[in-house]
Each structure stands twice: as C-alpha cells, then as structure tokens.
Amino acid sequence: MEKREVFSSRLGLILATLGMALGTGNIWRFPRIIAQNGGGSFLIPWLIFLFLWSIPLLILEFSLGKAARKGTIGSFGKIMGKKFGWMGSYVGFCAMAIMFYYSVVTGWCIKYLFSSVSGSVLSQDGQAFWNSFLSSSYQPIIFHFMAMLFGSFIIYKGVRGIEKVNKILIPSLLVILLIGMIRALTLPGAAAGLNYLFTPNFSDLLNYKIWLEALTQSAWSTGAGWGLVITYAVYMREKEDIVLNSTIIGFGDYGVSLIAAITIIPVVFALMPSIEAATELVQQSGPASTGLTFIWIPELFNQMPGGRFFLILFFLALSFAAISSLISMIELTTRIFIDMGLTRKKAIIMVGSTAFVLGAPSALSMGFFGNQDWVWGVGLLVSGFFIAMAAITYGVKKFRNDFINQEGNDIHLGKFFDIIVYLIPVQFVVLLWWWFSQAGGWTDIFSSYSVGTCLIQWGLAITIFIVFNKKIMALTLKEGEAR
C-alpha cells in the first residue's frame, strides 16, 4: 500500500494549485479574448463569473477530494455512491484526453524558448518559422516527448516533487511577467493599449456573447471543474481552509491573466503603426490560438530595444505556466491508477508512455489537434456540471455542513452558496447551447468542429464508463467505502 502523502504547508498547496490553474490560457488566450470582446467591457462579466462559476467549483472540488481522499473516480463513488462512479470516470478521462494534446502545446512552448535563446526564431518572419516547425517530421514529436518526460519525472517524485517544482516555477513565473509588464508600460504609446484594455463601453454589456465568452474564459483559465483540484485535495492537511484557498487561487489566476494582458496588449499598441492596426492584430487568432502568441509575439519583441531578452523571458514564462499545468494533469491520471492499486512508479510509467503515444497524432496534425481541443475543451463544461451535480445529489446544504464548514475553515458559507451551486447547471446548459450553436453540424461526426463529433466522442466515453462502472468501482473503492 502506498504511504499517504500530504503537502507540507498551506503555501505548498496553494503554489501547486496555482500551478494547476496558471497555464497557457492565462498568457496566450486571455489577452486575445479580452481584445476580441471589448477590452474593458469584458472585465466586468469576467469578474462576476469568478464568483458564480470558478470559486464555487473550486470549493466543491477541494471538498470532494479532501473528504474522499481519492481521485476523481473514487471521490464520486465515495460521496455520491458507487452507481455514480461513471461521472468521476468521465471527469478523469476528459482531463486525461486534454493532457494528451496539452503536452504538445507544452512542447511548442519549450521549442520557442530554445529558439528564442538561440535567436533562430528571429531569423525569419513569424508565420514562416511556425509553418516550418509544424511541417517538420520530427520536431513536434521530440518536444512533445520532452514535455511528457519532464512532467512524468516530477510526478514520479510524488507530492514532494510537485511541491518543490511549483515553489520554483510559480514565483519565477510571476517575477518574469512583472518584469515584462514593467518594460511594456515604459514603451512610447503603451498608454493606448492600457486605455483599450481598461476602458469599458457599457453598451457592450448588452451583448450576450461577451458574457458567454467571459464565462468560458473563467471556466477554462482557473481549471475549476476539471477534476485537478479534487486530485490535489487528496493531499491536503486535515485543517486546511477550503474557502480561503479557493478564493486565493481564483484571484491569483485572474491576477496573472491581467498581468499577461498588460504585458502583451501595450506592446502591440506601442509597436504597430496605428491604433487601428494594433486593434486588428490583437483580435487575430490562428489554429489553437497560435496567431498572437507564436507568430506575432516574436516579431513584435524583435522591434523592441532589448527585445530578444524579453522574448526569452516571455517564452520562459509560457513554458513554466504550461509545465505547471501539465504536471497537474499527469498527477490526476496517475492518482486514478494508484487508487486502483498500482504503485506510483508503475502508474506513472503507464501514464507517461500512453500519453506520449496518444498525443503523437496531435503533434503531427493540426487538424487532429484542433478536433481534440474542441471536443474535450468543451467537454470540460460537462465535467463542471457533474461536479455540481455531486453536491446537488448529496444535498447542497448537507454537503456544505459536512465537507466545507468544518474545523480549520475560517470562512463559513451560508445559504447563498447553495443558490450559486444550483445556478451552475443553468450556466452549463446556456454555455453548452451557445458553443453548439456556434459549431452547428449535429449529424456530421467527421467534421473537426461539429456538435456531432462532440456527442459521438462524449457518448462513447460515457457509455463505456457506465458499462464497466461496477468493475471500475470495485478496483477503486474497498468494500464499505461508498455511502
């Protein structure tokens, strides 16, 4: 039997969970999304959904993991009952599926970091360098392998490995971003970028799309509802404040997103020939949101005095963010197999090698990558819905009293929290309807970005987990562990 591991301190837990939340979505997605959705106008609904979606789901995840001391499958089975274990299987599989191609993204970040140090990324225009990298028959695979190897080695070291690495990565990430932000704000013309970023047009708030994009960004950026926090909560000490930790993580994630936007948007406005040209650029996107990050950022920084140095810092920060998120996904998957009786060593060997093989198609094909990003990125919303349903099925008031308002929590939640939990399924239905209405193609299961391809892949996974639920639960839970 594996010896129970715990985080050595609250700081270790918070930095590890911040590492989970802080990823490429903060640094490459948020600046583009806020630029596309009215700048300052976007910040208002984005902040509202921090309290209506992200922090409540973080609280629920911490509570499930701490109470059950199991990964996603065991937590659902132990708290909701064994017949609901398939929901935990889906939550775990969805994060696992994202891990397969997120490792590819992490490899891209490492590649660009190396190329920034060597200067090769500046030897040709951004689009040509990006195309050359992707068309290579071996480079995407090599960097995908490097990302998985590094992440797997950290997880092999257990909770102490996660804790030690994040104590280096997260403070370093913040320092790097702050240096970049200060430099960006000292550029002539940077004020125009700040005005664009923080000046709201209140009439934009009547546009429902801005609200839905804000909810989407909040859901994807904080990692709330992914099952990752359930996994890290397994290693919480007994007297840890769930509500305070969830709030710190939510605001920490949002703070880094804002710093990233303040770093990138003013640079664009300072270096482009006109405000109109800058506005057009920051609103561009490419496959998997590569446009601004991997194509234009190198060219923009190349125009800055000392730009190569700051380009290295930017991709170092991006790599740190990607790695800290990747290891949380690897740990989630590893924890599931540890719950089933494998040692950490055997589990990580299986998880690491499988992830490399199943991530290879995304490394070699942007079409396959885009399909998986679409299917399982939207699939995360289903995971958040299932986590909310865990509390609702148990009884939200009872869940709050049994698992949240316990000794060690300085902040106790009242009935208003119950109302918010019941609102999560409503938000899920609205958001899923909107994403599906954007995609279309209900019957086209072979299109990369259709409703059909989502439904067939989700349906296949859920069907398998329901059919094998009893066997999975028998491996995960001992007799009498489920309520």
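This note goes through the predicted model point by point, from its ground rules to its contacts, salt bridges and surface.

1. **Ground rules.** The model is predicted, so local features need pLDDT of at least 70 and side-chain atom pairs count only at pLDDT 80 or more, while totals for chains, interfaces and linings use all residues. Residues are numbered from 1 along each chain as its sequence is written, and side-chain values use heavy atoms, with hydrogens and water left out.

2. **Helix pair α8 and α12.** Helix α8 covers residues 158-185 and helix α12 covers residues 242-271. Helices here are DSSP runs (H or I, at least four residues), numbered from the N terminus; strands would be E runs of at least two. The two pack at about 35 degrees, with axes 8 Å apart. Axes are lines fitted to C-alpha atoms, for helices over the stretch in contact, and angles run from 0 to 180 degrees between N-to-C directions. The crossing of α8 and α12 is left-handed. That term applies if the near helix is turned anticlockwise from the far one by less than a right angle; clockwise would be right-handed.

3. **What meets at that crossing.** From α8 come Leu174, Leu177, Leu178, Gly180, Met181, Ala184 and Leu185. They meet Val256, Ile259, Ile262, Thr263, Pro266 and Val267 of α12. Contact means heavy atoms within 4.5 Å.

4. **Leucine 197.** This residue sits in helix α9 (residues 190-198). Leucine 197 is buried, at 0% relative accessibility. The classes are buried (under 20% relative accessible area), exposed (over 50%) and partly exposed (in between), with a 1.4 Å probe and protein chains only. Glycine 39 is 158 residues away in sequence, yet its C-alpha lies 4.6 Å from that of leucine 197. Leaving out residues up to four places away in sequence, leucine 197 touches Ile34, Gly39, Gly40, Leu43, Ala261, Ile262 and Ile265. Ile262 is also one of the α12 residues that meet α8.

5. **Serine 218.** Helix α10 (residues 208-222) holds serine 218. Its relative accessible area is 0%, so serine 218 is buried. Beyond four places in sequence, serine 218 touches Trp46, Phe49, Leu50, Ser54 and Tyr254.

6. **Isoleucine 155.** Helix α7 (residues 139-156) carries isoleucine 155. Isoleucine 155 is buried, again at a relative accessible area of 0%. Glutamate 331 is 176 residues away along the chain, with a C-alpha separation of 6.1 Å. The contacts of isoleucine 155, sequence neighbours up to four places away excluded, are Ile162, Ile327, Ile330, Glu331, Thr334, Arg344 and Ile348. Glu331 and Arg344 also belong to a salt-bridge network with Glu5.

7. The structure holds 10 salt bridges. The criterion is a side-chain nitrogen of Lys or Arg within 4 Å of a carboxyl oxygen of Asp or Glu. Arginine 10 and glutamate 240 form one, at 3.3 Å N to O. Arginine 10 lies in α1 (residues 10-21) and glutamate 240 in the loop between α11 (228-233) and α12, so the bridge ties together parts 230 residues apart in sequence. Arginine 10 is partly exposed at 26%. Glutamate 240 is buried at 2%.

8. Glutamate 163 pairs with arginine 160, with the closest N and O atoms 3.7 Å apart. Both lie in α8, three residues apart, about one turn of the helix. Glutamate 163 is buried at 3%, whereas arginine 160 is partly exposed at 42%. Lysine 398 and aspartate 402 form another bridge, at 2.8 Å. They are four residues apart in helix α18 (residues 396-404). Lysine 398 is partly exposed at 43%, and aspartate 402 is partly exposed at 30%.

9. **A backbone point to check.** Arginine 69 has a positive phi of about 55 degrees although it is not a glycine. Arginine 69 lies in the loop between α3 (40-68) and α4 (72-80). The residue is buried, with a relative accessible area of 17%.

10. **Nonpolar surface.** Phe416, Ile419, Leu423, Val426 and Val430 make a nonpolar surface patch of about 460 Å². Patch residues have over 30% relative accessible area and no salt bridge; nonpolar side chains (Val, Leu, Ile, Met, Phe, Trp, Tyr) are joined within 5 Å, like charges within 9 Å. Areas come from the Shrake-Rupley method with a 1.4 Å probe; for residues, only the protein chains shown count as cover. Leucine 423 lies in helix α19 (residues 415-439) and is partly exposed at 36%.
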